[in-house]
Amino acid sequence: MSIINAGSRILAAVLSPGPWLPMTLINTWTNYGAGYSTGQYRLVPLINEVEVIGNLSHASTSGNSVFWTIPAGFIPASNQIVCATGSPSGAEIGALSTGSLEVFTMPAATTLIQFHGWYSMDA
């Protein structure tokens, strides 16, 4: 995390989030389609957190499924629940210290997940 001392100058690079980067999806997950947010991530240096967003589809899955391998430099120090998915109800996205972004507790025959959340690089 960036430390800002009283009287010091704040650089735009510290205040501004990094660019959105595309997720390289795995395990037959794909982006939902035109007009919907694709699987993306970016670093927010000021708070040392990673923002993730996406609308992803799968032919049919349930339970837990890893959909992205988090690249070096973006892996959290500990396992964290990032957010609950907008769809399906009750499923959650987890960022794991092993380097995986995973959806948990999906109902049977899930074909779409929608999410937007954050995880800390420090926690």
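Reply: Helices (H or I, at least four residues) and strands (E, at least two) are DSSP runs, numbered from the N terminus. On that basis the protein has one helix and seven strands, and along the sequence these follow the pattern α-β-β-β-β-β-β-β. This is a predicted model, in which local features need pLDDT of at least 70 and side-chain atom pairs count only at pLDDT 80 or more, whereas totals for chains, interfaces and linings use all residues. Residues are numbered from 1 along each chain as its sequence is written, and side-chain values use heavy atoms, with hydrogens and water left out.

Some totals give the setting. A residue is called buried under 20% relative accessible area, exposed over 50% and partly exposed in between (1.4 Å probe, protein chains only). Buried residues account for 41% of the 123 residues in the protein. The accessible surface comes to about 6,400 Å², and 57% of this surface belongs to carbon and sulfur atoms; such areas are computed by the Shrake-Rupley method with a 1.4 Å probe, and for residues only the protein chains shown count as cover. A contact means heavy atoms within 4.5 Å. Of the contacts in the protein with a separation of 6 or more, 64% are between residues 24 or more positions apart.

The aromatic pairs come next. A pair of aromatic rings is described by the distance of the centres and the angle of the planes. Rings of Phe, Tyr and Trp (its six-membered ring) pair if their centres lie within 6.5 Å; planes under 30 degrees apart count as stacked, over 60 as edge-to-face and the rest as tilted. The structure holds five aromatic pairs. In one of them, the ring centres of Y41 and W68 are 4.5 Å apart and the planes stand at 45°, so this pair is tilted. The pair links distant parts of the chain, since Y41 belongs to strand β3 (residues 40-44) and W68 to strand β4 (residues 49-69), 27 residues apart. Both Y41 and W68 are buried.

F67 and F115 form another aromatic pair, also tilted, with 5.4 Å centre to centre and 45° between the planes. This pair too links distant parts of the chain: F67 is in strand β4 and F115 in strand β7 (residues 100-120), 48 residues apart. F67 counts as buried because its relative accessibility is 0%, and F115 counts as buried because its value is 5%. Together with W29, F67 and F115 form one aromatic cluster.

Strand β7 also contains S100. With 16% relative accessibility, S100 counts as buried. Apart from its neighbours within four places in sequence, S100 is in contact with V66, W68, I70, G94 and A95; W68 is also a member of the tilted pair with Y41. T105 is likewise found in strand β7, and T105 has a positive phi of about 55° although it is not a glycine.

Two loop residues complete the picture. N48 lies in the loop between β3 and β4, is buried with a relative accessible area of 15%, and has a positive phi of about 50° although it is not a glycine. T85 lies in the loop between β5 (80-84) and β6 (92-95) and is buried, with a relative accessible area of 8%. Beyond its neighbours within four places in sequence, T85 is in contact with A91, E92, I93, V103, I113 and Q114.
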